Amino acid sequence: MKAKITNTCICCGTCAGICPVGAISMSTSGDRYEVDPKKCIACGSCINVCPVEAIVENHSDEKENQ
Ligand code: SF4
Ligand code: SF4
């Protein structure tokens, strides 16, 4: 299941540092980080390191195989 970052993100940057494929970066709005679903390999690492549990599983990835 791919990861998704919610608006509880406090921009600590921890998740971006540990993502093995570099899928996480600051959003264009600059108020939180975001996951690039094209890069995310659903390893789950970021979900475990977020100090405020802002990262959740993205359940809207049914279109993944298109
Ligand atoms: S689940 Fe893994 S690959 Fe996807 S954004 Fe989080 S750390 Fe990166
Ligand atoms: S680890 Fe959590 S709080 Fe820190 S940048 Fe990532 S989503 Fe935001």
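Q: How do the residues of the shell around ligand 2 divide into nonpolar, polar and charged?
A: The shell holds 12 nonpolar residues, 2 polar ones and no charged ones. Here Ala, Val, Leu, Ile, Met, Phe, Trp, Tyr, Cys and Pro count as nonpolar, Asp, Glu, Lys and Arg as charged, and the others, Gly among them, as polar. The model is a predicted one, in which local features need pLDDT of at least 70 and side-chain atom pairs count only at pLDDT 80 or more, while totals for chains, interfaces and linings use all residues. Residues are numbered from 1 along each chain as its sequence is written, and chains are lettered from A and ligands numbered from 1 in the order in which they are written.

Q: Which residues come nearest to ligand 2?
A: Of the 14 residues around ligand 2, these are Cys9, Cys12, Thr14, Cys15 and Cys50. A residue is near a molecule if its C-beta atom, placed from the backbone, lies within 6 Å of it.

Q: What surrounds ligand 1?
A: Ligand 1 has 14 residues around it, and the closest are Ala3, Cys19, Cys40, Cys43 and Cys46. By class, its shell has 12 nonpolar, 2 polar and no charged residues.

Q: Why is glutamate 34 called partly exposed?
A: A residue is buried if 20 or more other C-beta atoms, placed from the backbone, lie within 10 Å of its own, exposed if 12 or fewer, and partly exposed in between. Glutamate 34 has 17 other C-beta atoms within 10 Å, and is therefore partly exposed. Glutamate 34 is found in strand β3, strands being DSSP runs (E, at least two residues) and helices likewise (H or I, at least four), numbered from the N terminus.

Q: With which residues is glutamate 34 in contact, leaving aside its neighbours within four places in sequence?
A: They are Ile5, Ser25 and Ser27; contact requires C-beta atoms, placed from the backbone, within 7 Å.

Q: What makes the protein as compact as a globular protein of its length?
A: The elements run β-α-β-β-α-β from the N terminus on. The radius of gyration is 11 Å, close to the 11 Å that the globule rule gives for 66 residues, so the protein is as compact as a globular protein of that length. The radius is taken over C-alpha atoms, and the rule is 2.2 Å times the number of residues to the power 0.38.

Note on methods. Two residues are in contact if their C-beta atoms, placed from the backbone, lie within 7 Å.
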